[in-house]
Amino acid sequence: MPQRPASAFDSFTVSDEDIAYLAGVPSLLVACDFDGTLAEFTDEPNTARAVPGAMDALRDLAALPGTTVCVLSGRDLDQLQTVTELPALREPGEDDILLVGSHGAEPAVDGGVTLTDDQKSLLADLGAEAERQAARDEGMWVEYKTFAVGLHERTALDFSIAEEAMQAFHDVAAQREGTTITWGKDILEVAVDGTTKGSYVRHLREELGVDAVLFIGDDVTDETAMEVLDQGEDTEARPDMGVRVGFGATAAQRRVESPTDTAALLRRLADARG
């Protein structure tokens, strides 16, 4: 699907017509990323929380007939429970919000995939290499996830050194079989599982048999989900709708500026669908 320009808020904002369409769909999957989509970015990841109104709107949507709500994040499931302040339910009810961590590899409903011994060994090696590169700048740090290791440069003191360290980590990881490498916003993440948000959205859609999907995300990893949506021709955004939060080229047909705008979009939809 052709990508939209990096900044096109006026042309591709979510219209009242879009909301009316989504409100009238018999069965709808609403899937959202968390960081940068429902919550602003922070240098202390565990302190991140959704912007005011975002989670309330998601809860209201989840309580409506024919509406399934999912928060699909690159965070591992434990972290996702903390920041969303929601339980990871293995047997969710119809009104519950589904939590899915590790880009889709950790759905709460079935516990996700289990790491093999080889994957555990690879993950340990990647962690050691990431720590070696992070030591080059005291502002860099390593994030450990269930299926991945992330090297962060957001708080680096010298970004030229940080960029060299990120590239070095990339080059080492690229030589290892079984890795999935993703450049995100100020992070290089290397996973030992090939699940993507796109593959998970495709799976969940087929499992639920919904008429339409609304996916909202802000980062490179979210583009894998945008790309599996059926958004029709040109800017139609039918039957599915992808919404990109913030700047950056995207396969989404719609765009909003910030997590606050995401919360407003979700509230508009909840009110219209209710």
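This is a predicted model: local features need pLDDT of at least 70, side-chain atom pairs count only at pLDDT 80 or more; totals for chains, interfaces and linings use all residues.

Residues are numbered from 1 along each chain as its sequence is written, and side-chain values use heavy atoms, with hydrogens and water left out.

**Entry 1, domains.** I looked up the division of the protein chain and found domain 1 (16-113 + 195-273) and domain 2 (117-191), with bounds that come from an automatic or database domain assignment. The C-alpha centres of domain 1 and domain 2 lie 26 Å apart. To the contact between them, domain 1 gives 17 residues and domain 2 gives 13 residues, where contact means heavy atoms within 4.5 Å.

In which order do the seven strands of the open sheet run? I read the order as 4-3-2-1-9-10-11, with mixed pairing. Strand 4 (106-107) and strand 11 (254-256) are the edge strands, and each pairs on one side only. Within this sheet I followed strand 2 (residues 67-72) and strand 3 (residues 98-101), which run parallel and are joined by three bridges; Leu72 has Val100 in strand 3 as its bridge partner.

I took helix 3 (residues 54-62) with helix 9 (residues 259-273): their axes come within 8 Å and cross at roughly 25 degrees. Here axes are lines fitted to C-alpha atoms, for helices over the stretch in contact, and angles run from 0 to 180 degrees between N-to-C directions. Helix 3 is therefore roughly parallel to helix 9, on a scale where angles under 35 degrees count as roughly parallel, over 145 as roughly antiparallel, 65 to 115 as roughly perpendicular and the rest as oblique. The crossing of helix 3 past helix 9 is left-handed; I use that word if the near helix is turned anticlockwise from the far one by less than a right angle, and right-handed if clockwise. Ala54, Asp56, Ala57, Leu58, Asp60 and Leu61 in helix 3 meet Ala263, Leu266, Arg267, Leu269 and Ala270 in helix 9. By class, I have eight nonpolar, no polar and three charged residues in the contact of helix 3 with helix 9, with Ala, Val, Leu, Ile, Met, Phe, Trp, Tyr, Cys and Pro counted as nonpolar, Asp, Glu, Lys and Arg as charged, and the others, Gly among them, as polar.

For helix 2 (residues 16-24) and helix 9, the axes come within 9 Å and cross at roughly 50 degrees, so helix 2 is oblique to helix 9. This crossing of helix 2 and helix 9 is right-handed. The contact joins Asp16, Ile19, Leu22, Ala23 and Gly24 of helix 2 with Leu265, Arg268, Leu269, Ala272 and Arg273 of helix 9, and these residues divide into six nonpolar, one polar and three charged.

I next looked up the open sheet of four strands, which has the order 5-6-8-7 and antiparallel pairing. Strand 5 (141-144) and strand 7 (180-184) are at the edges with a single partner strand each, so one side of each is left without a neighbour in the sheet. Strand 7 and strand 8 (residues 187-191) pair over five bridges in the antiparallel sense, and Thr180 stands opposite Ala191 in strand 8. Helix 5 lies across strand 5, strand 6 (148-152) and strand 8, and runs at about 5 degrees to strand 6.

Helix 5 (residues 117-134) also packs with helix 6 (residues 159-174) at an angle of about 160 degrees, with axes 9 Å apart. The two, helix 5 and helix 6, are therefore roughly antiparallel to each other.

I found a cis peptide bond between Arg238 and Pro239, with omega about 0 degrees; Pro239 sits in the loop between helix 8 (220-226) and strand 10 (241-245). Glu85, in the loop between helix 4 (77-84) and strand 3, has a phi near 60 degrees, a positive value in a residue other than glycine.

How values were computed. Two strands pair if DSSP finds at least two bridges between them.
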